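Here are my notes on the model you sent, written as numbered points. Please read them with the structure open beside you.

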Amino acid sequence: MLDCKSATLLITKKLDGSISFWERIRLKTHLWNCKFCYNFNIQSEKIDAVLKVTPDDLTHKCRHQHHLDAKKKQEIIDKLTENQ
Amino acid sequence: MATPKHGIDPEQWVQNYADYLYNYAHLKLPSKEAAEDVVQETFLSAFKGIKNFKGDSSEKTWLVSILKRRIVDYYRKEARRHEQNISSYQLPFYDSGDNANHWIEQRAPKNWDIDRQISYDEFHKVLQYCLSLLPPKHRVVFIMKVLDECSSDEVCAEVQISAANLWTIMHRARLQVRECVEKKWL
């Protein structure tokens, strides 16, 4: 039987790498029986989703879009022009 | 006006992509200033490396891939500046006894009302704070894996750790970040 420390390690590997078919089965079984690890799994996925979010994911949520300072933009244009 | 190198007009490039890149960087970095610097470095790198752009992806996709590498560099630089890389975080599991490797109840994941509308800005702030609690070297590893820019082998080579060590770090980081987010947010 998988213990919780091992289960959370498998969840980590699942998110950031990969786990084998059998590891997946063992993990699923543990998650059915353990409320805490079940929560850990969905919460980790949520955190992951937020860490990986891109501006494209957010445009439809009417999130305030940041604009790069006009001055900063000009600075960049100048630097690029210098390097031509 | 001088003939643009390789047909790139700097002003066009910046007008077309700067805001998008800035928004992207802002989502991955702790401050406005860090995001500005990284965007600037991205344009400069891209410009210098324009020969490497084979047109097999869009310009935007290509710029984003450079941006991600510059974001990782930001965290790498930070890790190099700090000596303190020992984690004082205690794992939330019992060490020994009948309950060995099971959750310590007070620290176990509670129910989050996960379907409630999450303000990304709120969550992002909390996440950035929680990331700042990780030892710098662990934070680089975490960012490298999460931004999906680096394979496990690359991460290991860069930070000079073994594969087993990589997973230990990622495991601790995920536990620590989750616990911190729960404390701050609920």
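This is a predicted model: local features need pLDDT of at least 70, side-chain atom pairs count only at pLDDT 80 or more; totals for chains, interfaces and linings use all residues.

1. Residues are numbered from 1 along each chain as its sequence is written, while chains are lettered from A and ligands numbered from 1 in the order in which they are written.

2. Chain B has seven helices and zero strands; helices (H or I, at least four residues) and strands (E, at least two) are DSSP runs, numbered from the N terminus. The C-alpha trace of chain B spans about 75 × 40 × 30 Å along its principal axes.

3. Of the 186 residues in chain B, 33% are buried, meaning that 20 or more other C-beta atoms, placed from the backbone, lie within 10 Å of the residue's own.

4. Chain B is assigned domain 1 (5-81) and domain 2 (105-185); such bounds come from an automatic or database domain assignment. The C-alpha centres of the two domains of chain B are 24 Å apart.

5. Eleven residues of domain 1 of chain B are in contact with eleven residues of domain 2 of chain B, where contact puts the C-beta atoms, placed from the backbone, within 7 Å. On the domain 1 side, H3(B) gives the most, with eight residues. That side has six nonpolar, no polar and five charged residues. Here Ala, Val, Leu, Ile, Met, Phe, Trp, Tyr, Cys and Pro count as nonpolar, Asp, Glu, Lys and Arg as charged, and the others, Gly among them, as polar.

6. How do the axes of H2(B) and H3(B) cross? They come within 9 Å and cross at roughly 125°, the axes being lines fitted to C-alpha atoms over the stretch in contact, with angles from 0 to 180 degrees between N-to-C directions.

7. The contact of H2(B) with H3(B) divides into eight nonpolar, two polar and two charged residues.

8. The contact between the chains takes 45 residues from chain B and 40 residues from chain A. H1(B) gives the most to the chain B side, with eleven residues. By class, that side has 28 nonpolar, nine polar and eight charged residues.

Definitions and conventions:
Two residues are in contact if their C-beta atoms, placed from the backbone, lie within 7 Å. A residue is buried if 20 or more other C-beta atoms lie within 10 Å of its own, exposed if 12 or fewer, and partly exposed in between; C-beta atoms are placed from the backbone.
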